[in-house]
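Please look over the sequence and the structure below before reading on.

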Amino acid sequence: MRIAIVGGGPGGLYLAALMKQLDTGHEVTVWERNAPDDTFGFGVVFSDETLGGIESADTAIYGAMERQFARWTDIDVAVDGRSSTIGGQGFAAMSRKELLRILQARVAELGVEVHYRTEAPDTDRLRAEYDLVVASDGLNSQVRTRYADAFGPSLDRRHNKYIWFGTDLVFEAFQFIVRNTGFGTMQIHGYPYSDKGSTFIVEMHEDVWRRAGFDRTEHEVFPPGVSDEHAVQRVAEIFADDLGGHHILTNNSKWLSFTTVRNEKWHDDNVVLLGDAAHTAHFSIGSGTKLAMEDALALAACLHEHDTVPKALAAYQEERKPVVESTQRAAQASLEWFENIGMYAGQDHDEFVFNLLTRSRRITFENLKDRDAEFAARIQAAFARGAAVGDGEVDGSGVDEAAPAMFQPTRIGALELKNRVILSPMDMYSAVDGVPGEFHLVHLGSKALGGAGLVMSEMTCVSPEGRITLGCPGLWNDEQRDAWARITAFVHERSTGRIGLQLGHSGRKGSTKLMWDGMDEPLAQDNWEVVGPSALPYGDGCHVPREMTRDDMDQVVADFRDAARRGVEAGFDLVEVHAAHGYLLSSFLSPISNVRTDEYGGSLENRLRFPLEVFDAVRGVVPDHVPVTVRISATDWAPDGNTEHDAVEIARAFIEHGAAAIDVSSGQVTKDEKPAFGRSYQTPFADRIRHEVARPAGVAVIAVGAISSHDDVNSILLAGRADLCALGRTHLYDPQWTLHAAAEQDYAGPAAEWPVQWQAGRRRPPTSRTDKVPPRLALLREGDSGDVHLRWRPGSVGAAEAAPETVSA
């Protein structure tokens, strides 16, 4: 093959070396517009997984890299001078300049032709003359821009400012240095890359950047290679204590805003994207160089395994794109966390450290427990003590510090809960004339027996015309009340859990078929009139609602009031007002569904008016010992809809009106929504609401949405992102999920009591080969080596050594 590579960075050079080794007959030519020694940046970090691939593919390159590595296992987190160390992570870094030198020498040895200080020929010409054209020309790829219609790029410029420095201070481990200054929160991402220096990245929100005066050079154009000396001086002043007299090193250092690059396609005919030209991921979770070299490995393998270029490029995209997208999702969570880092300024130190470490959701509590058990135990114990203080256990007596976070007791208002697991409301569409029956008794009763601290009813409708479907339960008459009373009595008599009532009105999403017959589709016959804030349908093929009058509103307020009264009479321990998912109250809150021009539309204050009237009516008839909560959609996932910032103000308003908890969901307001689904994908909204408004007011926040493991629940709680977690589908899969989670964590206590009838099954069943006893094949048992904390200390044996003790605050 004739292969043209545009861009002589690590990804392009590594691909050239691999292709030449796979077949010496390949003619590989590289064009690089910079000189060989024009290297920007300082260090690059690799994971063990990536290094394993490099070692297998080219032992010469790996051997040369290995001799340059700085290795360590610790992460140091310092917040305003107080530091904690977490071990067991595993890092390898080296100088970017040394990496390029190694790759340049290797391609020269293999006979690759590299044109330095040379712009690549016209890409159309390359396409015609070469079998393959590889665009590894970076973030601002000219090749990608030229064929944008084919690649479908999207460039997301973020809110933080960062600048890439080095320092002659040689760090011993990965460093997160956080300073809460008078201008706002600033952070350093640092790590050693040799025995002479470390990478030193300064990052902060643009608002903080401006307040600190860094914008003085905003409009100054620096020539290539020239750095922002004003930034050097200001950073040296602000982080003087952290630098300890050491110097800041520059290399084309200037302020940047991170841009996340995504492409719908990575190849077009015989042109393929590689590295930053194809994708970027925020530096807080990994290295662009690492990703580019992984791309090169995958592309070389696919080209070697397939007999045509189109097949090879399709295989490359199919193999590599999902991996990168997973990394980008984690990177997105991480960069958004750092954009909002100021929100956590009031967190307890240990909680903040755990929050930082788990920000991308790739690292969890169980991960950290495996890597540094001492640190994990400290975090868990601190949470237990904090939970006890929050519940009035001032002296700490009776606190079980070894109990997982999910099994620490808590309160919603005056309601005490044995644990922090909630059965999320889920529509079952199985009532007859609004009356819950045997199915509802088994459905809710089994989850209460299964250990959940609070089981929630599905949306229970306040009127016949407020139903979603004919199968929805209600509370508009006493027969329904009495049927619900049978269910609440079972929960109270047979379990130590509590049961909550969710009240709602379908609004414009009513009069539809059962979910399994056609979700959101109007009934085939006997439809009832649906109402909403405006005469706008939920989507194509849906009912067009009648715009509500003031008389309609008065009737709905009365219906909610009467249903709430019946709910208390039926024995419910908690009442939740459903103001999410596009139902009536939610549709008033959203500017997508509410285009009224009176006092109930327009501004957020106006759109809140009617939902708050309903909430006040419910709160007014519910006794103080029964908390009233609200579920909201934190974002509409659609242009011109509500955002997480609106959600904060919506939550604030309900808290001011007496909400005991905010149950944070999202979306389902319009069929045109585009949710960013993923594990725990709605938790960041709960996190924001908790820290900005709920926690200062002493109001609980409930996280919900794709939370499926006890590890996720514990991680969310320990990081302070929510006070409780609601799980839906997880409980459908396993009605005894909470009890099983306790067994898997070796917890046996009052927060997860097995019914006496089931206690014989409270231990995990044995699995196959339980009689197998493994032979002793090691002198030291696993965990006895004492190397959880490995520091980078040049000059010691192996250039790294174990810390004499855990450095923990």
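In which sense do strand β20 and β29 pair, and over how many bridges? Strand β20 (residues 421–423) pairs with β29 in the parallel sense over three bridges, where two strands count as paired if DSSP finds at least two bridges between them. This is a predicted model, in which local features need pLDDT of at least 70 and side-chain atom pairs count only at pLDDT 80 or more, while totals for chains, interfaces and linings use all residues. Residues are numbered from 1 along each chain as its sequence is written, and side-chain values use heavy atoms, with hydrogens and water left out.

**Around β29**
- Strands (E, at least two residues) and helices (H or I, at least four) are DSSP runs numbered from the N terminus.
- I422 stands opposite A726 in β29, while strand β28 (residues 700–704) runs parallel to β29 and is joined to it by three bridges, with I702 as the bridge partner of L724.
- On strand β29 (residues 724–727), L724 and A726 on one side and C725 and L727 on the other are all buried, meaning under 20% relative accessible area with a 1.4 Å probe, protein chains only.

**The β3-β7-β4 sheet**
- Three strands form an open sheet in the order β3-β7-β4, with antiparallel pairing, and its edge strands are β3 (43–46) and β4 (70–72), each pairing on one side only.
- β4 pairs with strand β7 (residues 91–95) in the antiparallel sense over three bridges, and A70 stands opposite A93 in β7.

How values were computed:
Buried means under 20% relative accessible area, exposed over 50%, partly exposed in between (1.4 Å probe, protein chains only).
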